[in-house]
Structures are given as structure tokens and as C-alpha cells.
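Here is a short tour of one protein model. Keep the structure open as you read.

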Amino acid sequence: MALTFPKAIIFDWDNTLVDSWPAIMDAINQTRKHYGLETWSLPEIKKNCTRAARDSFPEWFGEEWEVAYAYYYNAFDKVRKQYGIVTMPGATELLKYLNEKEVPCFIVSNKRGDYLRIEIAQLKWKDYFTGVAGAHDAPKDKPAREHVVHALTGSGHEPHPDIWFVGDSEADVACARNANCTPALIGTPEDAQKLGVELVFPDCQALETLLKSLQQK
């Protein structure tokens with residue numbers, strides 16, 4: 001694959017730019033325990049919690065899913081304050097670099113939109129993003145193409161391979177492909193091979209290093 005510097009970058013949020021697993025795990029397991037379900041280990045959480053809640057919760061909680069969804073976010077609202085927001089290694093520096101180079105950046109996340117925007121504001125990252133789309137902001141959530149289209153609306157950009165979609169999960173890769181963007185994985189070479197992704201980085205710092213090398217060409 002002949003790489004060129006991207007015209008824009010779409011980022012996933014949780015566990016791509018910020019480490020949210022402790023809070024997510026706590027709130028999910030509180031909810032599962034409340035409904036008499038087995039709690040999950042961290043590897044199970046990482047495997048099972050990449051889809052939008054309106055897709056996964058009906059499978060887990062049946063007809064009670066909307067009540068369970070409210071229960072989850074009530075728990076999450078409490079534990080997120082306890083755990084705080086931890087940025088992923090190199091994330092702040094990467095966003096600053098892209099901002100300096102005037103590369104439009106977007107967020108497409110299955111975290112509920114109001115919480116997503118609260119966290120962006122708390123990190124003082126609002127100016128880094130041209131568009132932000134959280135769960136329920138678009139007609140369909142990730143991995144649907146509609147979620148990407150919503151994030152890009154009004155930016156002058158359309159879904160295109162020149163736009164990279166950077167994420168950590170299979171749902172992010174599927175969303176990139178559904179939207180005709182180029183998937184880039186924050187993960188391991190083994191994960192990338194399994195998903196058929198050519199662009200893989202151990203962290204945001206490695207992604208920044210590659211972008212700087214592409215810019216110099």
C-alpha cells in the first residue's frame with residue numbers, strides 16, 4: 001500500500017485516545033450483577049463492549065434493555081468521576097501536532113454523545129476536533145456508515161480512503177470499511193493480521209511518528 005499523508009483523521013474515543021476500561025468495566029459489571037448475570041473479566045469486557053449499546057444491550061438484557069441502559073449510565077456517571085479521565089500515551093501530543101498542521105480531526109464513538117462532549121471539554125480538547133459524533137447522534141451508530149457521515153457533516157469532507165479511521169477494535173475497522181475510509185489500528189500486529197489491517201500502531205506516539213515521516217515526503 002502506497003501511503004500518503006491523510007486529508008483528515010477520524011478517531012474512536014474510548015481506548016484509542018482515552019483509557020476508559022476501568023470505568024466501563026465497573027459500570028457494566030454493576031449492571032450485569034443487578035440483573036443476575038455473570039460479571040466479566042477485563043478481557044471479556046474488551047471483547048464484548050465495542051458495539052453501540054442499542055445493538056448490544058437488547059442481546060444482553062432482552063426487553064428490559066432500555067431500563068438496563070439507564071441503569072448502566074447512572075452507574076457510569078458515578079464511577080467515571082471516581083476513575084477520572086486518563087489519556088492514552090501520546091494522545092495529547094498527537095492531537096497538538098495534527099492541530100498545528102491543520103489536519104481536520106473527528107470523533108466517531110459509541111459512547112453516548114453528551115458524555116463524550118463532557119469528556120472532551122474536561123480535557124480542553126474541543127478545539128482539536130472539527131466534528132464529534134457519539135452514540136445516538138446519528139440515525140445509526142458505529143459500525144454504520146451513517147455515523148461517519150454525521151461526524152463529517154458541514155466539514156467539506158466526504159467519506160474517502162484519504163481519510164484515516166483510527167481505532168482499537170473490530171467495530172472501528174468495520175466502520176472505516178463501511179464508510180470507505182482507511183482503517184488504522186491501535187493494537188498489536190496479531191490483531192491487525194486477524195482483521196486484515198495494514199496500518200497498525202502500538203500507540204498514538206507511533207502514529208505521530210509515521211505521520212511526520214509522510215509529511216516530509
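## Ground rules

Helices and strands are DSSP runs, numbered from the N terminus; a helix has at least four residues and a strand at least two. The model is predicted.

## A tyrosine in helix α6

Helix α6 covers residues 113-122, and Y115 lies in this helix. Is Y115 buried or exposed? Buried means under 20% relative accessible area. Y115 has 9%, so Y115 is buried.

Which residues does Y115 touch? Leaving out residues up to four places away in sequence, Y115 touches Y73, F76, D77 and R80. Take Y73 from that list. Y73 and Y115 are 42 residues apart along the chain, and their C-alpha atoms are separated by 9.5 Å.

## The sheet

Strands of a sheet pair through backbone hydrogen bonds, either parallel or antiparallel. Here, six strands form an open sheet, and the pairing is parallel. The strand order is β5-β4-β1-β6-β7-β8. At the edges sit β5 (131-135) and β8 (199-201), each pairing on one side only. From one strand to the next, the twist averages 20 degrees.

Strand β7 (residues 182-186) pairs with β8 in the parallel sense, over three bridges. L185 has V200 in β8 as its bridge partner. Helix α8 (residues 170-178) packs on the sheet, where α8 touches β6 (163-167) and β7. The direction of α8 makes about 165 degrees with that of β7.

## Two helices that cross

Two packed helices are described by the angle between their axes and the distance between the axes. For α3 and α4, the angle is about 115 degrees and the axes are 9 Å apart. That makes α3 roughly perpendicular to α4. Their crossing is right-handed.

Which residues make the contact? From α3 come A53, R54, F57, P58 and F61. From α4 come W65, A68, Y69 and Y72.

## Salt bridges

Side chains of opposite charge can pair when their charged atoms come close. The model has twelve salt bridges. One of them joins the side chains of D141 and R54, with 2.5 Å from N to O. D141 lies in the loop between β5 and α7 (145-152), while R54 lies in helix α3 (residues 53-61), so the pair ties together parts that are 87 residues apart in sequence. D141 counts as buried at 5% relative accessibility. R54 counts as partly exposed at 24%. R54 also belongs to the contact between α3 and α4.

K81 and D77 form another salt bridge, with the closest N and O atoms 3.8 Å apart. Both residues lie in helix α4 (residues 65-83). They are four residues apart, about one turn of the helix. K81 counts as exposed, at 58% relative accessibility. D77 is partly exposed, with a relative accessible area of 22%. D77 is also among the residues that Y115 touches.

R112 pairs with D114 in a salt bridge, and their closest N and O atoms are 2.9 Å apart. R112 is partly exposed, with a relative accessible area of 22%. D114 counts as partly exposed too, at 36% relative accessibility. Elsewhere, salt bridges that share partners join D12, K142 and D172 into one network.

Definitions and conventions
Residues numbered from 1 in each chain as written. Predicted model: local features only at pLDDT ≥ 70, side-chain atom pairs only at ≥ 80, totals over all residues. Heavy atoms only, no water. Pairing = 2+ DSSP bridges. Axes fitted to C-alpha atoms, helices over the stretch in contact; angles between N-to-C directions. Contact = heavy atoms within 4.5 Å. Salt bridge = Lys/Arg side-chain N within 4 Å of Asp/Glu carboxyl O. Buried < 20%, exposed > 50% of the residue type's maximum accessible area, 1.4 Å probe, protein only. Parallel < 35°, antiparallel > 145°, perpendicular 65-115°, else oblique. Left-handed = near helix turned anticlockwise from the far one by under 90°.
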